[in-house]
Amino acid sequence: MAELRKRGLVTAVVCSDPFLALGKNQARVFGVPDLPLVVIPHPLGGLALEAVKERAAVATPRLIELVKERRA
Amino acid sequence: MTGIAELLEAPGAAIEAEDDFDAVNALVRERGWGDGLPIVPPTAERVRGMLAYCDRPLDEPVAKIAPRYGEATPLRLAANAVMAGCEPRYFPLLQLAIEAMCEEPFNLYAVQATTHLCAPLVIVNGPVARELDINSGHNAFGPGHRANATIGRAIRLALLNIGGATPGSGDMSTFGAPSKYSYLAAENEAESPWEPLHVERGFPAETSTVTVVGAECPHNVNDHESLSAEGILTTIAGTMGIAGANDVFYTAQPVVVMAPEHAATVASGGFSKTDAKRFLQEHANLPVGKFSKENIERRLRVTWKERYANAGMDALVYTVQKPEDIILVVIGGAGKHSAYIPTFGATRSVTHALKRRDGQHARSMEDFRRP
């Protein structure tokens with residue numbers, strides 16, 4: 001993901017809230033401290049389809065924003 | 001080779017602290033370093049003493065430790081070895097274990113950062129295990145031996161302080177495990193009826209090695225009744241067939257530890273190590289129906305699609321895919337016990353031989369002593 005970011009592609013890492021600190025640390029380690037982290041409510045795994053859709057609803061607007069920012 | 005005094009002059013290489021045990025430990029806590037236990041203050045003098053058994057350049061990384069990918073230089077490792085309470089002659093083994101677990105197949109990033117409770121298990125083979133009095137007998141995974149306790153602890157301190165495996169931001173383990181304080185033992189080669197692990201992996205018997213495994217804590221296998229190889233192996237295999245272990249979803253390399261009495265019973269039945277592994281692989285299984293409906297649909301039928309896409313509830317799921325992937329070692333003292341050590345799954349064990357800087361196998365820790 002860091003490599004894609006460095007190449008200028010629209011990138012984002014989806015993570016659930018307890019993993020935000022790890023995500024920020026790793027973005028710094030890999031030289032992309034501005035890597036967008038799309039935070040969704042925990043958990044990410046072990047979900048029924050309805051709960052997956054709820055998280056997608058949180059993440060999707062942010063992803064659209066990122067694409068628009070890139071195009072602008 | 002740059003000297004220690006010069007290296008400690010570099011910005012950030014050393015910090016000033018009051019020359020007081022409690023003050024240094026308060027500073028360590030304040031900075032968020034360490035494993036929570038008090039440390040031995042790593043003064044320049046103690047670090048210099050630790051490096052008496054290091055034949056590498058002090059500032060050249062031997063590895064980069066995930067998830068921070070911090071550079072594990074001998075100087076930094078020595079500071080952690082001092083903090084852990086190591087004797088200087090232990091130092092080459094610490095360095096070797098760190099090198100081994102930073103090899104790509106081990107997948108240290110995932111082992112460190114996962115929610116799973118794994119930790120790098122270090123199994124020591126060869127003559128240096130005896131030279132350093134690394135426990136391979138009673139309580140080998142427990143307390144009581146300085147080498148086991150402090151080399152294992154130094155590894156953990158390096159994983160924390162250099163690698164950044166800070167709980168909650170670099171190490172996301174849901175539970176953690178007592179093995180994250182220290183997890184190192186030697187194989188009980190003297191009481192094993194079989195060739196030791198390093199010989200099995202192609203190293204001469206007189207070399208010394210470390211084998212690292214991304215592992216859970218040992219799960220005991222009690223069998224005081226079986227009198228035959230098949231009996232002991234059936235009990236061990238029965239313990240390995242569980243639905244909640246990562247191993248069943250990966251091409252995993254779990255560890256089977258036999259204490260000498262169980263190993264003797266198995267060997268007396270004419271079983272070589274290869275035979276025992278084959279038996280365990282065939283019998284360590286459980287039917288599909290023992291898994292939850294969701295795990296069947298989302299994991300088994302997906303991960304092992306070719307085998308289980310249309311399998312019925314009686315089809316067998318194997319804990320280990322290939323017999324040779326079982327790491328079978330003899331460790332422990334008297335008693336009718338074995339242990340199954342499940343793994344993280346997404347990791348491969350790595351064995352490294354103890355070598356001098358010139359590439360020759362080391363015969364003794366004295367080979368590393370600086371002139």
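This is a predicted model: local features need pLDDT of at least 70, side-chain atom pairs count only at pLDDT 80 or more; totals for chains, interfaces and linings use all residues.
Helices are DSSP runs (H or I, at least four residues), strands are E runs of at least two, and both are numbered from the N terminus. The crossing is right-handed, that is, the near helix is turned clockwise from the far one by less than a right angle.

Who touches whom? On the α4(B) side you'll find Leu77(B), Asn80(B), Ala81(B), Met83(B) and Ala84(B), and they meet Thr150(B), Arg153(B), Ala154(B), Leu157(B), Ala158(B) and Asn161(B) of α8(B). Contact means heavy atoms within 4.5 Å. Sorted by class, the contact has seven nonpolar, three polar and one charged residues.

Bookkeeping, briefly. Residues are numbered from 1 along each chain as its sequence is written, and chains are lettered from A in the order in which they are written. Local features need pLDDT of at least 70, side-chain atom pairs count only at pLDDT 80 or more, totals for chains, interfaces and linings use all residues, and side-chain values use heavy atoms, leaving out hydrogens and water.

Now for helix α2 of chain B, residues 21–31, where Val24(B), Asn25(B), Leu27(B) and Val28(B) are buried. Buried means under 20% relative accessible area, exposed over 50%, and partly exposed in between (1.4 Å probe, protein chains only). They span an arc of only 155° around the axis, so they sit on the same side of α2(B); the arc is taken over directions from the helix axis to the C-beta atoms. The face turned away from that side carries exposed Asp22(B), Arg29(B) and Glu30(B).

Over in chain A, α2 (residues 20–29) buries Leu22(A), Gly23(A), Gln26(A) and Ala27(A). These fall within an arc of 135°, so they line one face of the helix. Their cover includes β2 of chain A together with α6 (108–113) of chain B. Just after the helix, Gly31(A) takes a positive phi of about 80°.

Leu37(A) belongs to strand β2 and is buried at 19% relative accessible area. Beyond neighbours within four places in sequence, Leu37(A) contacts Val13(A), Leu20(A), Gly23(A) and Lys24(A).

Key. Ala, Val, Leu, Ile, Met, Phe, Trp, Tyr, Cys and Pro count as nonpolar, Asp, Glu, Lys and Arg as charged, and the others, Gly among them, as polar.
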